[in-house]
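Q: Can we walk through this model together? I'd like to start with the sheet.

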Amino acid sequence: MVYAICATVPPSFAQFAGHQGFSYAPRGAISPFRHFMQADGAAMSETKHTKVLIIGSGPAGYTAGVYASRAMLEPVLVQGIEPGGQLTTTTEVENYPGFTEVQGPDLMIKMQEHAQAMGCEIIGDIITELNTDVRPFVAKGDSGTTYTADAVILATGARAKWLGLESEEKFKGFGVSACATCDGFFYRGQEIVVIGGGNTAVEEALFLTNFASKVTLIHRRDELRAEKILQDRLMKNDKIETLWFHTLEEVVGTEAPLGVTGVKVKNVKNGEVSEIPCAGVFVAIGHAPASELVKDSLETHNGGYVQVEPGTSKTSIPGIFAAGDLTDHVYRQAVTSAGMGCMAALDAERFLAENE
Ligand SMILES: Cc1cc2nc3c(=O)[nH]c(=O)nc-3n(C[C@H](O)[C@H](O)[C@H](O)COP(=O)(O)OP(=O)(O)OC[C@H]3O[C@@H](n4cnc5c(N)ncnc54)[C@H](O)[C@@H]3O)c2cc1C
């Protein structure tokens, strides 16, 4: 079966693409995704065969690139719409081993350079279709290139869901976050708000009480969707206050340095807007795995995360491996993704050796 995906091109991608050595030329309404061109301006339309095709350029993809290269598999890695993955959207990272503190985009450039130095070929393209019914597997690139591969490593990650407010975008990485495990530590002794009412929101709020002096959970209804046991823990926690029937209207803060000082919230019953002072805003309205390419061909779990055989990266189709946030709705960390990228490359190596 062949499955196609659609995507939009964020402005940051155009900037990043410039750093990657290929040009970026969106062509408007007819085909917004056919934008990858060679440096000389010629559109690419070749067929490229590789033993291992890695789809995705986050920690999982680049780590798979390092290991597959060192196994002499000459992998090809397709970067996708967000070269470097989610960490390029954040600032300080303090929990990646070997780096006491590193900027997310810098860490990802180092990972890219590492994979390249080991021999991984890195291509600026987006895979729009993946045919898992034929061998070798066939992937179509937005550039027009067709990739054929004896094994495929899927490392397309996941996305935090955002509210879509302009002010949320402005302060992302500067007081607005979607990951308490990643950023909670930066708010020691400060007041924080969490937006949402499901398991993610309650778990994040509880976790954040380890650091914050006060956590306000803001929810648009007067009951939570979270599991009862989590709700009980939330209600018993003295540091957490719940604000029912309210939605986030705007994040407010300072310009130089950029930082959050509070949120404007709206009472959905009477329309009144009030302001709550806080240093951090955690948007916790869920995550969505980027599994569009394979959501109908591979087994998935928990709303679209690719299912792997426990303790491996093997998916329901032999020769297709998956790693990182795409498979994982629990840990969602750079280091766990990198670990799974390593597993996927080793699993692919064994698969290829057994099927030669
Ligand atoms: C704001 C923020 C801050 C964070 N801070 C931390 C932190 O401090 N520490 C930490 O450990 N974790 C942090 N995380 C989580 C961490 O970024 C993720 O767990 C990690 O990046 C997941 O890695 P991944 O390789 O699975 O996927 P991702 O990083 O999500 O990368 C997915 C890749 O797949 C590519 N892709 C998607 N679709 C296609 C396609 N069709 N064709 C080709 N390529 C495709 C994308 O372009 C991207 O390169 C943070 C996340 C966010 C959003």
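**Sheet, helix and ligand shell**

A: In β20, S177 has F282 as its bridge partner. Strands here are DSSP E runs of at least two residues, helices are H or I runs of at least four, and both are numbered from the N terminus.

Q: What kind of model is this, and how are residues numbered?
A: This is a predicted model: local features need pLDDT of at least 70, side-chain atom pairs count only at pLDDT 80 or more, and totals for chains, interfaces and linings use all residues. Residues are numbered from 1 along each chain as its sequence is written.

Q: OK. In what order do the five strands of the open sheet run?
A: The order is β13-β20-β14-β15-β16, with parallel pairing. Two strands pair if DSSP finds at least two bridges between them.

Q: Which are the edge strands?
A: β13 (176-177) and β16 (240-243), each pairing on one side only.

Q: How many bridges join β14 and β15?
A: Five, in the parallel sense, between residues 191-195 of β14 and 214-218 of β15. There, E191 stands opposite K214 in β15.

Q: And what packs on the sheet?
A: Helix α6 does, touching β14, β15, β16 and β20 (280-283). The direction of α6 makes about 170 degrees with that of β14. Axes are lines fitted to C-alpha atoms, for helices over the stretch in contact, and angles run from 0 to 180 degrees between N-to-C directions.

Q: Back to β20. How many bridges does β14 share with β20?
A: Four, in the parallel sense. V193 stands opposite V281 in β20.

Q: Are the residues on the two faces of β20 buried or exposed?
A: G280 and F282 on one side are buried, as are V281 and V283 on the other. Buried means 20 or more other C-beta atoms within 10 Å of the residue's own, exposed means 12 or fewer, and partly exposed is in between; C-beta atoms are placed from the backbone.

Q: Now V202. Where is that residue?
A: V202 is in helix α6 (residues 199-208).

Q: Why is V202 called buried?
A: Because 26 other C-beta atoms lie within 10 Å.

Q: Which residues does V202 touch?
A: L224, A226, L230, Q231 and L234, leaving out residues up to four places away in sequence. Contact means C-beta atoms, placed from the backbone, within 7 Å.

Q: New topic. How many residues surround the ligand?
A: 43, and the closest are G58, G80, G85, G157 and G324. A residue counts if its C-beta atom, placed from the backbone, lies within 6 Å.

Q: Which elements give two or more residues to that shell?
A: α2 (59-70), β12 (158-160) and α8 (334-354).

Terms used: Two residues are in contact if their C-beta atoms, placed from the backbone, lie within 7 Å.
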